[in-house]
Amino acid sequence: SFEDVKVYGIPPSIEDILLAQSATLSCLVSGLATPDSCNISWARGSESTELKYELDSPTVNSNGTFSIISTLSVCPADWKSGEEFTCIVEHVSFPSPKRIVMKKENGG
């Protein structure tokens, strides 16, 4: 298909957790034909409750497609304990929603 939509998960940085005492998880969706063609939500662990998140304004790429970043702020203690957070991206080109699971790696 024309749309080659990709989804990337970006875990919080060590500096973020140590200095800012916050953990910010980001989900980048790129390759969108229109800026509002995808739906992004976040879940925690096995809970189905949707979490409050920030959505940046879409940016235009050189090839005319759009990228959008959704960020979720979580409690550093939750992140350090190994809690899983999932970014769920729905798009017409996906047969089913793409799920990016982020959790602290052991020893990380």
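Two strands are taken to pair if DSSP finds at least two bridges between them, and strands themselves are DSSP runs of E with at least two residues, numbered from the N terminus. In the predicted model examined here, 3 strands form an open antiparallel sheet in the order β3-β7-β8. Strands β3 (38-44) and β8 (98-102) stand at the edges with a single partner strand each, so one side of each is left without a neighbour in the sheet. Neighbouring strands of this sheet are turned by 20° against each other on average, direction ignored; the angles are taken between N-to-C directions of lines fitted to C-alpha atoms, on a scale from 0 to 180 degrees. Between β7 and β8 the antiparallel pairing runs over 5 bridges, and C87 has I100 in β8 as its bridge partner.

Because the model is predicted, local features need pLDDT of at least 70 and side-chain atom pairs count only at pLDDT 80 or more, whereas totals for chains, interfaces and linings use all residues. Residues are numbered from 1 along each chain as its sequence is written, and side-chain values use heavy atoms, with hydrogens and water left out.

The cysteines were examined next. With a disulfide defined as a pair of cysteine sulfur atoms within 2.5 Å, the count comes to 1 disulfide. This disulfide joins C27 to C87, with an S to S distance of 2.5 Å. It links distant parts of the chain, since C27 belongs to strand β2 (residues 23-32) and C87 to strand β7 (residues 85-91), 60 residues apart. The torsion about the S-S bond of C27 and C87 is about -85°, so the disulfide is left-handed. Accessibility was classed as buried (under 20% relative accessible area), exposed (over 50%) or partly exposed (in between), using a 1.4 Å probe and protein chains only. C27 is buried at 0% relative accessibility, and C87 is buried with a relative accessible area of 0%.

The sulfur of C38 is 8.5 Å from the closest cysteine sulfur, in C27, which is too far for a bond. C38 counts as buried at 15% relative accessibility. C75 is in no disulfide, and the nearest cysteine sulfur, that of C87, is 20 Å away. At 40% relative accessibility, C75 counts as partly exposed.

A nonpolar core is a set of buried Ala, Val, Leu, Ile, Met, Phe, Trp, Tyr and Cys residues joined through side-chain atoms within 4.5 Å. The largest such core has 21 residues, of which L25, V29, I40, W42, W79 and V89 touch the most other members. At least two residues of this core are supplied by each of β2, β3, β6 (66-74) and β7, and the largest share, 5 residues, comes from β2. Contact here means heavy atoms within 4.5 Å.

A43 lies in strand β3 and is buried at 7% relative accessibility. The C-alpha atoms of A43 and C87 are separated by 6.6 Å, although the two residues are 44 residues apart along the chain. With neighbours within four places in sequence left aside, A43 is in contact with T49, L51, E84, F85, T86 and I88.

Note on methods
Helices (H or I, at least four residues) and strands (E, at least two) are DSSP runs, numbered from the N terminus.
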